[in-house]
Amino acid sequence: TESGSSLYNVVLIGGNGVGKSALASIFAGAEDSMDSDCELYGGQICEQTIVVDGEIATITLLDTWDCQEQGSWSQEQCMQAGDAYLIVYSITDRDSFEKASELRIQLRRARQSEDIPIILVGNKCDLVRCREVSVSEGRACAVVFDCKFIETSAVMQHNVQEMFEGIVRQLRLRRDSK
Ligand code: GDP
Ligand code: MG
């Protein structure tokens, strides 16, 4: 096992309005952070050092998926930039769930030979009365796509830390199996 810190790029992708930026701002303000001097370039990129299972990991979180208008990040660049991906949909928006499936396929195509850690994230789980995608549908989709699954609420800060810890654990599993 290594004692130094590990650096990982984690990219948020998903439809408009599903809560990617809300999740990114929680990450930016993470209480567990050892690095209080978080840089948020227009709310797009943030680096944080977090401790997971007693081991340090430095995560650069990219919330750049919806930024193509400014010409700064193309979706193709986002598809190449990540060591891991959080594919986010809203449990209140079935279209965003279908979009998540498309993105999984797109990602697989873009990074064919690589075994990239992915978590399918069903956000807005606080909006129980507006739910359009059930937990079991989300879970089943993740099984099909061979990735992890979690439901989060950025507003309630529910499972958000668990999501970031989960992606770090996935990255370490890949690292340790090499
Ligand atoms: P993005 O387009 O994916 O970056 O989505 P945003 O982070 O901008 O969020 C879109 C809207 O959904 C905003 O009004 C957020 O306040 C709201 N939102 C984001 N996450 C949640 C959540 O977990 N629960 C609820 N109720 N609203 C959320
Ligand atoms: Mg956004």
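Predicted model: local features only at pLDDT ≥ 70, side-chain atom pairs only at ≥ 80, totals over all residues.
Residues are numbered from 1 along each chain as its sequence is written, and side-chain values use heavy atoms, without hydrogens or water. Local features need pLDDT of at least 70 and side-chain atom pairs count only at pLDDT 80 or more, while totals for chains, interfaces and linings use all residues.

**View 1. The second largest pocket has a volume of about 240 Å³.** A pocket is an open set of points on a 1 Å grid over the protein atoms alone, where a 1.4 Å probe fits and protein lies on both sides within 12 Å along at least five of seven lines. The volume is the space filled by probe spheres set on the points, which are joined across faces, edges and corners. The lining, meaning residues with an atom within 4 Å of a point, is made of 13 residues. Nearest the centre are Asp-83, Asp-115, Pro-117, Arg-174 and Lys-178. The lining has 7 charged residues (Asp, Glu, Lys and Arg), 4 nonpolar (Ala, Val, Leu, Ile, Met, Phe, Trp, Tyr, Cys and Pro) and 2 polar (the others, Gly among them). Helix α5, residues 160–176, contributes the most, with 3 residues.

**View 2. Helix α4 spans residues 135–144.** Helices (H or I, at least four residues) and strands (E, at least two) are DSSP runs, numbered from the N terminus. An α-helix has 3.6 residues a turn, so residues three or four places apart point the same way. On the other side of α4, Arg-139, Val-143 and Val-144 are exposed (over 50%). The cover over the buried residues of α4 includes β4, α3, β5 and β6. Asp-146, which follows α4, has a positive phi near 55 degrees.

**View 3. Two residues in the loop between β6 and α5 are Gln-157 and Asn-159.** Neither is a glycine, yet phi is positive at about 50 degrees in Gln-157 and about 65 degrees in Asn-159. Gln-157 is exposed, with a relative accessible area of 54%.

**View 4. The structure holds 0 disulfides (pairs of cysteine sulfur atoms within 2.5 Å).** For Cys-130, the nearest cysteine sulfur is that of Cys-125, 13 Å away. Cys-147 is buried, at 17%.

Note on methods. Chains lettered and ligands numbered in written order. Buried < 20%, exposed > 50% of the residue type's maximum accessible area, 1.4 Å probe, protein only. Contact = heavy atoms within 4.5 Å.
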